[in-house]
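These are my notebook entries on a structure that I looked up.

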Amino acid sequence: MAAVLEQLLQPPNVYKARESAQERLTELTRGGLGKGKRSQDELDRTLRDVLARQDELEQQLENSNGLVEQLLSTSRQTIVNLDTKAGELHTTQLRTEDEIIDHRIKLSSGLREGTSTGSDKTLLEELEELDAKIAQLARAQTYLDVLAKAEKLSLRASSSITTNTAGALKAYIQLYEYHESLNRVSGKLGASAFVERIVRNTWHRQVDEISIKVLAALEELHWPKPIPPLERSVATSRLKAAFLDGLKLQRAGERYRLAKTTDMDADPKRPSIALLEPPVIPIRAMIQPLELRFRYHFDGKRQTNRLDKPEWYFAHVLNLLSEHERFLTDDVQSLMAEGGYGHFDAMTEFIVANLKMVTRRLRQSVPQLLSLPPILAHTIYQALQFDKTLHDRYGFEPRMSKSLPGKTGADVCITAEIILDNESWFGSWREAERTYADDKFFEIISASDAWQLNEDYAESGLRPTHSALRIRDLFEQITDRYRPLPAFRHRLPFLTRIQLPLLDSYHGRIASSVDAFESLTFGLISSVPGSLGEGPGGRLTAGVSGLQRLLRAGISARWMQKTCRSWGEDPLFLDLWHHLADLARSGKTDDEVGKLAAPLLALAGQPDAALFDSHASRFGALAERTDDLIVKHIVREVTSEMKPYLNKRWDYDALAPDELEISPELNTTLAAFSGLLSCLVSSLPPLACMSLYRKVAVALQDILITKITIAKVFHESGGCQFAFDFDHGWLAAAREAGIIRPLAAFRKLADCTALLSLSAKPQAKGRPAFAQVMKIVWESDEATFGRTMDGCGVKILQLKEVQAVLRKRSEAWQ
């Protein structure tokens, strides 16, 4: 409407009117200016239409101006009316706000406004306070009603447990179900927590009352003295009734998850203890006087309470089990079967009840033993033996909680795990064992007789050194300490942190002594004038004394190699090895096992490997290295004495064959040779001795052949002297030292001496003359050569080697 008014109020636009008229005239002109009269008529008609249209528009303008004035007048009146109404509304708003403030002041407390002495309250505040008190009283009433009902049921359940067991259990069940219903109702959680305490206290009171009843019946039969077979009597009937009532209470507790509520020591850090099912209620009652006696002897100041005698209280418990075994396995087991618990073993239940005393005593004593490692180790050993006795003698397999799936009572050592599952206590024991092993190791290797052979011990002819034998005994002593441990995780640290480092240390000690010997004897420094090789150290490594040191090192290494292989067949180490092999195959190892046994896991993944293969191989390699040094040492000592003999001339006329004697230049050599071989024979078993002798003989044979047989020129008499020195010198010295069949290792040298000692004339014994042999060797066929060599006593030399030896006779060139 406003847009229409605005358009109508616009003044006429002369310019637009002219443009419109011109456009119209142009159209008309284009259409027919040249058409004469008809065009003039049309123009006149058009002019008349335009004038008429102009009059019409002027009339519309006038009408419009009138309408605009009318609308403006109406609008002004409407605005005046609205302004008046807005003023009235504003006045009403202010009045309403004032009224609200007045009402608020009336509802506010005089205390808050500071206009009263503090006792005035508004009606609204009083109503709110009264409503809160009513709600509080209602809650208190509800709470008291709940407690009253719970106490009523508790009193009924506790007062008649010994006289009306069925009624008492019914009342207890009602109390338990009432507690469960409270848990399901919101708004009564506070009462529910209190009722839960009532439920548990009621259960304990019922257990205590039944226990008193059972114990009273037992005392009539003179418990805790051994009870003879039960006969028909009033006392027997009372025991039976009390025992069966206890089993009824046990069944109710199992149904409502309260049978596990016991004062048994339960620690979640010790799974075997925490998850051990407590004994049935009547058995728990039986243990009370026994517990008093145990405390009398082992918790007070009597002489029986000694930290260093844990076997006393273990033996005390075992004696109790032995004394009451018949009563438990016959009479009590029958009562349990009658009460519906025949699947429970009475003896096992009784053992579990006794474990409470033992485990409490252990927890009290172990903290005092941490500063006494020997007594701590002794205590752990006695605890392991106690658990083993329970398993072996009584087949002890306690009932375990179902929250530990796949684990049975046979898998655990209940008593020992009090210590073993405490990482601090177990670590203290392990560290004490490691310290003991280290101290003992240094004591062993520092002993004056550490590297002396043990003359009273021989295994397969090999006599170990005292140190090797003591290291084996120490290793096996440590093994016996942890052999009874039940779990792989307990055994592995002893192997990896104590025993394997012990073997490594002993191997390192032998290797360092061999290194020192080699550097002093065969190293570059030994050839420097005035060096250690020529001083006291050199004397210690020379001759028989040096050989003895090498032999003892080699014997220790060889004996430890055999011992390591024998340990691999021990059932304990086989079990450890199978665990490691399983872990290696599965690849599932925790950080601790991976850190402890990384080298072993790598070895375990190999087929046909054994636990101590790595150490056996290292000791074997050390023994082989020592054997090589022994051979080098003997050859070096002998050749150092042989220099005059090696410079001897053999192209001279000597004595007749029947007047020959050992060359004087060879006497000191043979003495050294015989002494060294005697040391070898007295220290090693025959097979090992012969193996080393063959290596020594072959090395000396090569020297004699290279530096005498091939390097020298022989006359017939010189060859006979050389052969005599060999037969009556070298071979005789070896036989004198105890070598059996010494010729076999010198066979090649024996052939050389046979050829060099050939006579220029034919011998009566059928040996050919030197000239005949020369002719046959160079001119005859192979068969004739073989027969001739057999006649000369030559066994292994080939044709070219025979020719080379024969050329060393001066007669060969005549």
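**Backbone entries.** I looked up Arg741 and placed it in the loop between helix H28 (716-737) and helix H29 (747-756); helices here are DSSP runs of H or I with at least four residues, strands are runs of E with at least two, and both are numbered from the N terminus. Arg741 has a positive phi of about 50 degrees, although it is not a glycine. At 67% relative accessibility, Arg741 counts as exposed; the terms are buried for under 20% relative accessible area, exposed for over 50% and partly exposed in between, with a 1.4 Å probe and protein chains only.

I noted that the model is predicted, that local features need pLDDT of at least 70 and side-chain atom pairs pLDDT 80 or more, whereas totals for chains, interfaces and linings use all residues. Residues are numbered from 1 along each chain as its sequence is written, and side-chain values use heavy atoms, with hydrogens and water left out.

I then turned to His222, in the loop between H7 and H8. Its phi is near 70 degrees, a positive value in a residue other than glycine. His222 is exposed, at 58% relative accessibility. In the loop between H7 and H8 I also found Pro224, which a cis peptide bond joins to Trp223, with omega of about 15 degrees. I recorded these cases because most residues other than glycine have a negative phi, and most peptide bonds are trans.

**Whole chain.** I read the secondary structure as 32 helices and zero strands. Of the 814 residues in the chain, 43% are buried. Among contacts (heavy atoms within 4.5 Å) with a separation of 6 or more, 74% are between residues 24 or more positions apart.

**Aromatic rings.** How many aromatic pairs does the rule give? I applied the rule that rings of Phe, Tyr and Trp (its six-membered ring) pair if their centres lie within 6.5 Å, with planes under 30 degrees apart counted as stacked, over 60 as edge-to-face and the rest as tilted. The count comes to 26 aromatic pairs. Trp223 and Phe350 form an edge-to-face pair, at 6.5 Å centre to centre and 80 degrees between the planes. Trp223 lies in the loop between helix H7 (189-220) and helix H8 (234-255) and Phe350 in helix H13 (residues 346-369), so this pair ties together parts 127 residues apart in sequence. Both Trp223 and Phe350 are buried.

**A buried glutamine.** I located Gln382 in helix H14 (residues 373-394). Gln382 is buried, with a relative accessible area of 17%. Not counting residues up to four places away in sequence, Gln382 touches Pro310, Glu311 and Phe314.

**A buried serine.** Ser154 lies in helix H5 (residues 123-159) and is buried, with a relative accessible area of 1%. I listed its contacts as Leu175, Ile198, Thr202 and Arg205, not counting residues up to four places away in sequence.

**Helix packing.** I examined helix H16 (residues 423-446) against helix H17 (residues 466-482): they pack at an angle of about 170 degrees, with axes 10 Å apart. The axes are lines fitted to C-alpha atoms over the stretch in contact, and angles run from 0 to 180 degrees between N-to-C directions. H16 is therefore roughly antiparallel to H17, a term for angles over 145 degrees. Among the contact residues are Trp429, Tyr436 and Phe441 of H16, and Ile471, Leu474 and Arg481 of H17. I noted the division of this contact into eight nonpolar, two polar and four charged residues (nonpolar: Ala, Val, Leu, Ile, Met, Phe, Trp, Tyr, Cys and Pro; charged: Asp, Glu, Lys and Arg; polar: the others, Gly among them).

**Charges over rings.** Arg481 lies over the face of Tyr436, at 5.8 Å from the ring centre. The criterion is NZ of Lys or CZ of Arg within 6 Å of the ring centre and within 35 degrees of the ring normal. Arg809 lies over the face of Phe770, at 4.3 Å from the ring centre.

Terms used
Parallel < 35°, antiparallel > 145°, perpendicular 65-115°, else oblique.
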